[in-house]
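Q: Hi! Could you walk me through this one before I set anything up?

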Amino acid sequence: MTDILIRHTTALTVDETRSVIEDAAIAIEGNRITAVGHDADLIQLASAAGEVIDARGMVALPGLIDSHSHAGHGMVRALGAGDVEAWFSACETLYAGGTDVGFWEAEARLSMLERLMSGVTTCVTLLGGGADIYRTDDPAYGDAHCAATRESGLRTILAVGPGRAPFPQIYRDLSGAETPVSFEWQMEVSEDLIARHDDVLNTGTGVCLVMPVYGRADRHKVPDAELCHMTDAVAMLREKTGVILTQDGHREGTIAFARDLGLLGPFALLSHSVDLTEDDIRALEETGAAVAHNPSAIMSILGRCPVPELIDRGIRVVLGSDAAAPDRGYDMFRHIAQAMHYHRRHFADPSVLPPGKTLEMVTIDAAHALGLENDLGSLEVGKKADIVLVDMRKPHLTPPDMPLHAITHFANAADVDCVIVNGRVLLRGRIPQTLDPQAVICDATLRARQAIGAAGLTHLRREHDGLWRSARNPLRRRPT
């Protein structure tokens, strides 16, 4: 029996033939898609369907996949008012101390709510960040994030792993008491979280590994023996568990160095990847590693990821939000449009990154990069029922005659009307079904203000006069 039948939609299937079906119907049984086709051909399913969703005036997409983001960042959104160095410093202060499990649980719910209302059904998110500070000092932080994921009904692959040498790293509790945390302990916590939570297709929670990015220039800071010990341990755990490995912040020369350290393979997802050398690009070709491009990120201001060039050489490139702070959110429609304009301006060529390619980068290409292409990334029979309905009955989406162009150039998060994940309706008429928006927002606001106040960072929540009249923000930028 059909549990849900979506009728009279326009389906951007992103299937093998890249079919666009007008007046389409999509049938769902349990958590899988059982039929996709013209409504007239599937009308017989309507009488026995458990629920019929009339999607006239809407476009159906595969659930969007955000391939790079950060847990924790949602609570420090815009902190520092453009002073990027101050923002990074604040992340270090908050992530290594002064934030309890309740802070991280509230941030997870807040991020899930924003993703849900933006049509993002699957994401890769690092448990922390800033300057490679990950909350693997205690499994309770990962447990809290995974609990919030399951509560929301969305899918998260949580990236956990060791921070940056030297060790031990120092973490502080709310009283200010310091605890040294060793590399070995962070690896134990990471392995424990993988063992208990890595089942993204069934429970919605996946876990992968993160390893700080190192380049040859770092060898004077980290002894070769220590670096080899770290990379060997991460590589062994990754091979043992079969999870993906992600790294945050690749740039000139570091991808080739990661290859030489034995970290790369088809399981690797490398974020940012700006100002790459020819050796870096060859390393991607040789190993089959994928790149997570973040067109709205600060690193894409300081450098450029050569996305069209990588795609032309057969390298898989996907999109990430790098959200949520200091200046970007989880709206993947924004990042799709940003990617197109970013690279078209670079080449002074409007043919670069056509809309279908950018949609692939947040759907089927992203599913491939995560090893989930048999289950996610397209609207096809047998795949998981992760479906987004975008309401095209808006002035900025009219006329709705070219849905691919409208979705990629003009749509935004507020146009998402309905979200289905694993065959379950999570957003209906823009009303979340699993999360209470008011409660989530109130709790996150309270906990963020408490943590920022306790850390003595309240001054970073104030905007300043230098944001007006001048062509440049006078606050210093983070050194490059």
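Q: Which residues touch the most other members in the largest nonpolar core?
A: In this predicted model, L61, L284, L310 and I407 do, out of 128 residues in that core. A nonpolar core here is a set of buried Ala, Val, Leu, Ile, Met, Phe, Trp, Tyr and Cys residues joined through side-chain atoms within 4.5 Å. Buried means under 20% relative accessible area, exposed over 50%, and partly exposed in between, with a 1.4 Å probe and protein chains only.

Q: And which helix gives the largest share of this core?
A: Helix α2, residues 84-95, with eight residues. Helices are DSSP runs of H or I with at least four residues, strands are runs of E with at least two, and both are numbered from the N terminus.

Q: What does L310 touch?
A: Leaving out residues up to four places away in sequence, L310 touches L276, I281, L284, V291, C305, I315 and V317. Contact means heavy atoms within 4.5 Å.

Q: Which residues does the second core include?
A: That separate core has 19 residues, among them A11, M58, C418 and V425.

Q: Switching to the backbone, where are the cis peptide bonds you'd point out?
A: One runs from F167 to P168, with omega near 0°; P168 sits in the loop between β9 (155-160) and β10 (169-172). Another joins T398 to P399, with omega near -5°, and P399 is in the loop between β17 (387-391) and α14 (403-409).

Q: What about phi at D322?
A: D322 is not a glycine, yet its phi is positive, about 55°. Most residues other than glycine have a negative phi, and most peptide bonds are trans. D322 lies in the loop between β16 (317-319) and α11 (332-347).

Q: Is D322 buried or exposed?
A: Buried, because its relative accessibility is 6%.

Q: And R430?
A: R430 also has a positive phi, about 65°, in the loop between β19 (424-428) and β20 (431-432). With a relative accessible area of 26%, R430 is partly exposed.

Q: Zooming out, how many helices and strands are there?
A: The protein has 15 helices and 20 strands, and 59% of its 480 residues count as buried. The C-alpha trace spans about 65 × 55 × 50 Å along its principal axes.

Conventions:
Residues are numbered from 1 along each chain as its sequence is written. This is a predicted model: local features need pLDDT of at least 70, side-chain atom pairs count only at pLDDT 80 or more; totals for chains, interfaces and linings use all residues. Side-chain values use heavy atoms; hydrogens and water are left out.
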